Amino acid sequence: MACLLLVLPDGLTGEHDTNGFNNQKFLSVLILYSWSLTEVGRYPMYLFPNSKLARKVRMVLPLFTFPAGAAAEALGAYRVAREMVEIG
């Protein structure tokens, strides 16, 4: 949650950038959805340990969600660091 607060100093209602697109909101939603989908994909394997489908979902889903979440977090951290350098 602390990382989310760093990425979203203004919350989900941050101001729009010059392109008219709210990048902070997009990054936060991407981070939340990617990590949430990853976690939701893990639990069916615990409920149905002999299910091949549950195992495949657990193994394949992170291939898509990890890069999206990690890239969004890295971009958010870069933007915060850049803003802190500009302010300080």
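Ser 34 lies in helix 2, which covers residues 23-47. Helices (H or I, at least four residues) and strands (E, at least two) are DSSP runs, numbered from the N terminus. Ser 34 counts as buried because its relative accessibility is 5%; buried means under 20% relative accessible area, exposed over 50%, and partly exposed in between (1.4 Å probe, protein chains only). Apart from neighbours within four places in sequence, Ser 34 is in contact with Thr 65 and Gly 69, where contact means heavy atoms within 4.5 Å. Both Thr 65 and Gly 69 are buried residues of helix 3.

This is a predicted model, in which local features need pLDDT of at least 70 and side-chain atom pairs count only at pLDDT 80 or more, while totals for chains, interfaces and linings use all residues. Residues are numbered from 1 along each chain as its sequence is written, and side-chain values use heavy atoms, with hydrogens and water left out.

Ser 28 also lies in helix 2. Since its relative accessibility is 0%, Ser 28 counts as buried.

| Side chain | Backbone atom | Distance |
|---|---|---|
| Ser 28 | oxygen of Lys 25 | 2.8 Å |
| Ser 34 | oxygen of Ile 31 | 3.1 Å |
| Ser 51 | nitrogen of Leu 53 | 3.4 Å |

Through its side-chain oxygen, Ser 51 caps the N-terminal end of helix 3. The 36 residues of helix 3 should span 52 Å at 1.5 Å a residue, and the end C-alpha atoms are 52 Å apart, so the two values agree; the expected span is 1.5 Å times one less than the number of residues. At Pro 62, helix 3 bends by about 35°, the bend being the angle between axes fitted to the seven residues ending there and the seven starting there. Pro 62 is buried, and so are Ala 54, Ala 72, Gly 76 and Val 80 of this helix.

The protein as a whole has three helices and zero strands. Of its 88 residues, 23% count as buried. Its average pLDDT (the predictor's confidence in each residue, from 0 to 100) is 80, and 75% of the residues score at least 70. Where pLDDT is low, the predicted coordinates should not be read in detail.

Terms used. Polar contact = N/O pair within 3.5 Å; in protein donor to acceptor, adjacent residues only side chain to side chain.
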